[in-house]
Amino acid sequence: MFRRALNSKTLPRRSLSFDITTYFSEDGPITHLLDETPPKTVEVSKEEGLRAYQQMDLIRRCELATARLYNEKKIRGLCHLYSGQEAIAVGINSILKPDDTIITTYRCHSWFLLKTNDLVSFFGELMGYTLGDNRGKGGSMHLYAPNFYGGNGIVGANVPLGTGLAFQHQYQNTDKICVTLMGDGSYNNGQVHEAFNIAKLHNLPIIYVVENNNFAMGTSVDRHCANPDYYKSCSFIPGLRLNGMNLLTVKSAVEFAVKHVRSKKGPILLEAKTYRYGGHSVSDPGTSYRKREEVTQVMKEKDCIKWFGDLLVESKLATAEELKDIKKSNISRIKADLAKAKAGKPPGTEELTHHVYTTYQGTIRMCQAISAEMPFKEIKRAKIYVCCF
Ligand SMILES: Cc1ncc(C[n+]2csc(CCOP(=O)(O)OP(=O)(O)O)c2C)c(N)n1
Ligand SMILES: [Mg+2]
């Protein structure tokens, strides 16, 4: 089939409608407290298909480059890769409006790349250089962009924050919605359920997405979760389970969820079944709690990029050459932008006074020496104080 598409003399198609009934699960979409189900077909134009493929491929390659930088000790500290889960972020992003808000966990590289498309700032931040997103003071877990609220290191803590964003959207009478992502391990955190309660009480415009990648660090779902059917485990929030390795089911489910939320029906919970290829973070080989063969099997049989690339070619929406060109262009972009980022510099001590606001005027323990050299500076109404570790 693949070869036939390559040799085809027919003109490439501009748009196609795909039947996705079997992609959700063998029985179709699995829903909870919902009368309707997501669309059974997804329309993909050639342009959209190529863009999604380019974005997923770019994210994967940036993560591979990040792993190499970590091994070269150019990146220090915690660093969590998204490889394997790309279809979720790319699928959600393709449906949302630019004004809608997103908040996620520390596994946040994909969102920064999607929202900014700025590789220099991305690699710069990871290496702790001033040309980074936060002038090198945030690092891998703390990336932000307009309408993207991070990058949050505390498991579960981004869920009340996302709920607050949704509250703001409703309070200000906008039609914006918030997508709040969490891992399977975050779900049973107490504050998550407090947030669900508030969200339902106020019917807030929020889509909660559980990225169920089967593991919370080294603990598998069946060992850490008493009810791993996340999509139906909240008794008052409607839910839907989908195949998170499949871009088309993500698109269909998110389109459905967005319609639900924008029509003021309140929160909805999506459980995206997915898989992470690497360890929990770069320093975890990820092979002590699962078999290496399990990882290779998922990569071989379910990889979201390979699957979608094959679909584009087999359906003649794109040619193999077009996909090859996309990969080549992503590779050369990463090479060029990484070189620029590597030429960056870490922040100097003068940066210690930037972005730290307080009205406190006493001394701070362990800060006396520096605070004598760098006293308060008045900036607008806030005062900036020296803080050190
Ligand atoms: C409140 C809190 N407890 C523990 C940790 C340590 N920790 C970091 S990630 C993690 C597992 C989370 O797993 P999951 O929610 O499934 O997300 P994934 O890493 O799979 O994306 C834990 C326990 C933390 N950062 N915050
Ligand atoms: Mg997990």
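1. Conventions. Residues are numbered from 1 along each chain as its sequence is written, while chains are lettered from A and ligands numbered from 1 in the order in which they are written. Because this is a predicted model, local features need pLDDT of at least 70 and side-chain atom pairs count only at pLDDT 80 or more, whereas totals for chains, interfaces and linings use all residues.

2. Overall make-up. The chain holds 14 helices and 12 strands, these being DSSP runs numbered from the N terminus (helices are H or I with at least four residues, strands are E with at least two). Of its 389 residues, 42% are buried; a residue is called buried if 20 or more other C-beta atoms, placed from the backbone, lie within 10 Å of its own, exposed if 12 or fewer do, and partly exposed in between. Among contacts with a separation of 6 or more, 75% join residues 24 or more positions apart, a contact being two C-beta atoms, placed from the backbone, within 7 Å.

3. In soluble globular proteins, nonpolar side chains tend to be buried together.

4. Helix H10. Most of this helix is covered, since 13 of its 16 residues are buried. Leaving aside residues up to four places away in sequence, Ala-257 touches Ile-207, Ile-268 and Leu-270. Just after H10, Lys-264 takes a positive phi of about 65°.

5. Helix H8. In this helix Val-192, Ala-195, Phe-196 and Ala-199 are buried. Seen down the axis of H8, the buried residues fall within an arc of 105°, so they line one face of the helix; the arc is that of the directions from the helix axis to the C-beta atoms. The face turned away from the buried side carries the exposed residues Gly-190 and Leu-201. The cover over the buried residues of H8 includes helix H7 (158-171), strand E5 (178-183) and strand E6 (206-212).

6. Ligand 1. Around this ligand there are 14 residues, of which Val-155, Gly-183, Gly-185, Ser-186 and Ala-216 come nearest, a residue counting as near if its C-beta atom, placed from the backbone, lies within 6 Å. The shell divides into 5 nonpolar, 7 polar and 2 charged residues; Ala, Val, Leu, Ile, Met, Phe, Trp, Tyr, Cys and Pro count as nonpolar, Asp, Glu, Lys and Arg as charged, and the others, Gly among them, as polar.

7. Single residues to check. Leu-33 has a positive phi of about 55° although it is not a glycine, and Leu-33 is found in the loop between strand E2 (30-32) and strand E3 (41-45). Lys-316, likewise not a glycine, has a positive phi of about 65° and lies in the loop between helix H12 (304-314) and helix H13 (320-342).
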